[in-house]
Amino acid sequence: MKTCLECGRPFDVIITSHKKFCGRTCSGKVAIKLATNSSVNKRKQVHKKIKEYIIQWAKDNKELVLGTPYNKIKTTIRPLTDDIERQYGIKDIRVISKAVLGEDLGRKELLRFMKGICDEKLC
Ligand SMILES: [Zn+2]
């Protein structure tokens, strides 16, 4: 007797069996969970890359970022958002803002974040 890793029910196995689940329903459930986790991870990876990209872009375009007034953000970051769309297929500013700031705080906070990067000594 072994115990199913998914539902905890005991099931019969041949001594040498490496089965971990009582049946297809449970092994299928686990397969779906794993697939969901991996797509969540993939999204996290993309968000991380977008953040790194924006930080780098802010450093490379320091003068532009520091000189951009908060009401002209859209024009300034257009080349940036175009690049992100080309590279990562994401053009929604809310998604980009969330990727960088952890939640969608809009363009202004995104620019504030970029200005902050440029204010740092490492820039
Ligand atoms: Zn089971």
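Modeller: A nonpolar core is a set of buried Ala, Val, Leu, Ile, Met, Phe, Trp, Tyr and Cys residues joined through C-beta atoms within 7 Å. Please keep in mind throughout that this is a predicted model.

Colleague: Which residues make up the largest nonpolar core?

Modeller: The largest nonpolar core has 12 residues in all, namely Ile54, Ala58, Val65, Ile77, Leu80, Ile84, Ile96, Ala99, Val100, Leu110, Leu111 and Met114. Two or more residues of this core come from each of α1, α3 (73-88), α4 and α5 (106-119). As a general background, nonpolar side chains in soluble globular proteins tend to be buried together.

Colleague: What is Met114 in contact with, leaving aside its neighbours within four places in sequence?

Modeller: With those neighbours left aside, Met114 is in contact with Ile54, Ala58 and Val65, and these residues are also listed in the core.

Colleague: Why does Leu80 count as buried?

Modeller: A residue is buried if 20 or more other C-beta atoms lie within 10 Å of its own, and Leu80, with 20 C-beta neighbours inside 10 Å, therefore counts as buried. Leu80 lies in helix α3 and, leaving aside its neighbours within four places in sequence, is in contact with Ile54 and Trp57. From Ala35, by contrast, Leu80 is 45 residues apart in sequence and 31 Å apart in space, C-alpha to C-alpha.

Colleague: Why does Ile55 count as partly exposed?

Modeller: The partly exposed class lies between the exposed limit of 12 or fewer and the buried limit of 20 or more, so Ile55, with 15 C-beta neighbours inside 10 Å, counts as partly exposed. Ile55 has its place in helix α1, and its C-alpha atom is separated by 6.8 Å from that of Ile117, 62 residues apart along the chain.

Colleague: Why are α1 and α4 called roughly perpendicular to each other?

Modeller: Helix α1 (residues 24-60) and helix α4 (residues 93-101) pack at an angle of about 85°, with their axes 8 Å apart. Angles of 65 to 115 degrees count as roughly perpendicular, and α1 and α4 are therefore roughly perpendicular to each other. At this contact, His47, Ile50, Lys51 and Ile54 in α1 meet Ile96, Ala99 and Val100 in α4, a group that divides into 5 nonpolar, 1 polar and 1 charged.

Colleague: What makes you say that the buried residues of α4 line one face of the helix?

Modeller: The buried residues in α4 are Ile96, Ser97, Ala99 and Val100. Seen down the axis of α4, they fall within an arc of 160°, so they line one face of the helix. An α-helix has 3.6 residues a turn, so residues three or four places apart point the same way. The buried residues of α4 pack against α1, α3 and α5, and just after α4, Gly102 takes a positive phi of about 90°.

How values were computed: Residues are numbered from 1 along each chain as its sequence is written. This is a predicted model: local features need pLDDT of at least 70, side-chain atom pairs count only at pLDDT 80 or more; totals for chains, interfaces and linings use all residues. Axes are lines fitted to C-alpha atoms, for helices over the stretch in contact, and angles run from 0 to 180 degrees between N-to-C directions. Helices (H or I, at least four residues) and strands (E, at least two) are DSSP runs, numbered from the N terminus. Angles under 35 degrees count as roughly parallel, over 145 as roughly antiparallel, 65 to 115 as roughly perpendicular and the rest as oblique. Two residues are in contact if their C-beta atoms, placed from the backbone, lie within 7 Å. Ala, Val, Leu, Ile, Met, Phe, Trp, Tyr, Cys and Pro count as nonpolar, Asp, Glu, Lys and Arg as charged, and the others, Gly among them, as polar. The arc is that of the directions from the helix axis to the C-beta atoms.
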